Amino acid sequence: MIEHTKLLYRPDRVSAPGVTLLDLLEERGMTQAELAERIGRPLKTINEIIKGKAAITSETAIQLERALGTPAEFWSQREANYRAYLARQKELEHLAMQKDWLKQFPIKEMKKRGWLRECGDGIADQMISILNFFGVATPDQWERGWTQRRLAFRKAMNLKSDIGAISVWLRQGELEGDRIQCKPFNREKLILSLNLIRELTKEKIPEVFIPKLSNICADCGIAVVFVKPFPKVPVYGASCWLNPEKALVQLSLRGKTADILWFTIFHEIGHIIKHSKKEFFIELDDKSVNKSSEELEADEYAAETLIPSSQLNEWLNKNSKLSTTAISNFANELNVAPGILVGRLQHMNHIKYSDFNKLKFRYNWCETR
């Protein structure tokens, strides 16, 4: 669960510091002209300050301290608060004209998950909460940062209508990944740890294997996060670099069977080992998409790391008739869960997708996640 800093209290309205100045003058029976003479400023300037048309500069604040005994810091802070208030009002007016931008985000579900804790029901509140979530100043910056730079894959994949939900899912993964303490990335250590990771495929309970997986990967410089998917996010996993020494593997548990999850894990690890640190890779549940060369290479890496083709082909040549016992025994030799082998055989069309599914583990999201 991500902890968000509580918002500072901000009043609905902030008066100009000139209002306070006028109150002080009336309280002391001093005219604007007299004040102007005392501080050596034109009467017009004093009048504009009182009306909020002119700002109280640092120099003027010191002069007011001399003439009225009120600390210069008081006037400077009042001026700063007022100008910040005016800027926020202007921002709210601008955001109100872009309210349609909000429609693409699953705000109700984000609130339910605690990702927008301080978000109210008003359009402006929701706009600001979403911008804060993404760490950008304006919807235009979000467009440039998320739909053009980080999510350039949209051009090649038919996901335009779901871009908001996808970007929320990815951003949450980044936020959670940032919080995970990792050692500097070590490619050699990661490669040596692959057998340990593969052995975890035999563990049926996520509460047992996820901490082990996370610890192994963190020791190699990879933050592993599981983020529950949205209905409109057809993504199995994603990987990127949070900084030059720390990679991120983000998983959705979409599909829920062990063969899909572990293939995705090794697929994303393949990207980290083989491909550029500047790229952002996403594995989609979309068979209509033409995969890039990097995606195909990551697929091959995952398949070979889990079950080497040479061993699989040799076994298949010796076992023309497959059985539960034969599959289980060979999986045990490979040191992987039987369901991983079943998934590979189904993908290769050696068996039907309805065959031997009892050997597959199925995972479910806990209610507390």
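**The axes of helix α13 (residues 258-274) and helix α14 (residues 293-306) cross at roughly 120° and come within 8 Å of each other.** The structure is a predicted model, in which local features need pLDDT of at least 70 and side-chain atom pairs count only at pLDDT 80 or more, while totals for chains, interfaces and linings use all residues. Residues are numbered from 1 along each chain as its sequence is written, and side-chain values use heavy atoms, with hydrogens and water left out. Helices (DSSP runs of H or I, at least four residues) and strands (runs of E, at least two) are numbered from the N terminus. An axis is a line fitted to C-alpha atoms, for helices over the stretch in contact, and the angle, from 0 to 180 degrees, is taken between N-to-C directions. The helices α13 and α14 are therefore oblique to each other, a word for what remains once angles under 35 degrees are called roughly parallel, over 145 roughly antiparallel and 65 to 115 roughly perpendicular.

**Helix α2 (residues 32-39) and helix α4 (residues 58-68) cross at roughly 110°, and their axes come within 9 Å.** The two helices are therefore roughly perpendicular to each other, and the crossing of α2 and α4 is right-handed. In this view L35, R38 and I39 of α2 meet Q63, L64, A67 and L68 of α4, and the residues of the contact divide into 5 nonpolar, 1 polar and 1 charged.

**Helix α4 also packs with helix α5 (residues 72-96), at an angle of about 135° and with the axes 7 Å apart.** These two helices are therefore oblique to each other, and α4 passes α5 in a right-handed crossing. The contact is made by A61, I62, L64, E65 and L68 of α4 together with A72, E73, W75 and S76 of α5. By kind, its residues divide into 6 nonpolar, 1 polar and 2 charged.

**I49 lies in helix α3 (residues 43-50), and L22 is found in helix α1 (residues 17-28).** I49 counts as buried at 2% relative accessibility, while L22 counts as partly exposed at 28%; buried means under 20% relative accessible area, exposed over 50%, and partly exposed in between (1.4 Å probe, protein chains only). The two residues are 27 apart in sequence, and their C-alpha atoms are 9.5 Å apart in space. From I49 to P17 the separation is 32 residues in sequence and 7.7 Å in space, again C-alpha to C-alpha. When residues up to four places away in sequence are not counted, I49 touches G18, L21, A54, A55, I56 and T60, and with its neighbours within four places left aside, L22 is in contact with Q32 and I50.

**S167 has its place in helix α9 (residues 163-179).** This serine is buried, with a relative accessible area of 0%. The S167 side chain reaches the backbone oxygen of G164 at 2.8 Å.

**N349 and F356 are each in the segment after α17, as placed for N349 and for F356.** Most residues other than glycine have a negative phi. Phi of N349, however, is near 65°, and phi of F356 is near 60°, each a positive value in a residue other than glycine. N349 is exposed, with a relative accessible area of 64%, whereas F356 counts as partly exposed at 22% relative accessibility.

**The protein chain as a whole holds 17 helices and 4 strands.** Of its 369 residues, 48% count as buried. Among contacts between residues at least 6 apart in sequence, 68% join residues at least 24 apart.

Notes: Left-handed = near helix turned anticlockwise from the far one by under 90°. Contact = heavy atoms within 4.5 Å. Nonpolar A, V, L, I, M, F, W, Y, C, P; charged D, E, K, R; others polar. Polar contact = N/O pair within 3.5 Å; in protein donor to acceptor, adjacent residues only side chain to side chain.
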